Amino acid sequence: MDILGWILVILLFVVGMAGAIYPILPGALAIYGAFFVYGWFFSFSEFGFLFWSIQTIIVIALFIADYAVSAWGVKRFGGSRASVIGSTIGLIFGPFVIPALGLIIGPFVGAVIGEIIIGTNIQKSLKVGLGSVVGLFTSVVVKVVLQLAMIVLFVLWLIF
């Protein structure tokens, strides 16, 4: 049973880290879920109020940062609310429409279409599309760092 528990914990960590890149995967929630799996298979006694508080704050920060950093990229390049919405739609549907490159092309095209719909000229729309890609990459970096911090904290908590 111990081996199964560790396999599930590690699998959830891998899914969580993949979720930093692929928005369709649960990301931080998978990592958070791994802590519960560990508790069910082994023991919750290692985790006290402080552990759960820190991890929950990181998860909340991840959700806020995910949206805020992506929106920041669009806004930083002069985008409107329409381009933020378009970029988000493109981020969700892009990987399904174009499996290999949809993760990058989707937000770009979504932001550009969002700007064009509200009457922005094509040159500015393309600039905003570039901003959505910059925001996406920045968001991925933030998610990877915070999710790695969750995993490292978990490991350190078990060791000490």
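These legends accompany several close-up views of the structure above.

The model is a predicted one, in which local features need pLDDT of at least 70 and side-chain atom pairs count only at pLDDT 80 or more, while totals for chains, interfaces and linings use all residues. Residues are numbered from 1 along each chain as its sequence is written, and side-chain values use heavy atoms, with hydrogens and water left out.

**View 1. The largest nonpolar core has 19 residues.** Such a core is a set of buried Ala, Val, Leu, Ile, Met, Phe, Trp, Tyr and Cys residues joined through side-chain atoms within 4.5 Å; buried means under 20% relative accessible area, exposed over 50%, and partly exposed in between (1.4 Å probe, protein chains only). Look for Val9, Phe13, Ile31, Phe35, Met150 and Phe154, the residues with the most contacts inside this core. Two or more residues come from each of the helices H1 (2-19), H2 (28-41), H3 (49-76) and H6 (122-159); helices are DSSP runs (H or I, at least four residues), numbered from the N terminus. H2 gives the most, with seven residues. Another core, of five residues, lies apart from this one and includes Val74, Val84, Ala111 and Val128.

**View 2. Phe154 and its contacts.** Beyond its neighbours within four places in sequence, Phe154 is in contact (heavy atoms within 4.5 Å) with Trp6, Val9, Phe13, Phe35, Tyr38, Phe47, Phe51 and Gln55.

**View 3. Ile21 in the loop between H1 and H2.** With 39% relative accessibility, Ile21 counts as partly exposed. Not counting residues up to four places away in sequence, Ile21 touches Leu103 and Val140.

**View 4. Thr120 in the loop between H5 (102-117) and H6.** Thr120 has a relative accessible area of 18% and is therefore buried. Its side chain makes a polar contact with the side chain of Glu115 (2.7 Å); the term covers a pair of N or O atoms within 3.5 Å, where within protein one must be able to donate a hydrogen and the other to accept it, and residues adjacent in sequence count only if both atoms are side-chain atoms. Leaving aside neighbours within four places in sequence, Thr120 is in contact with Glu115 and Ser125.
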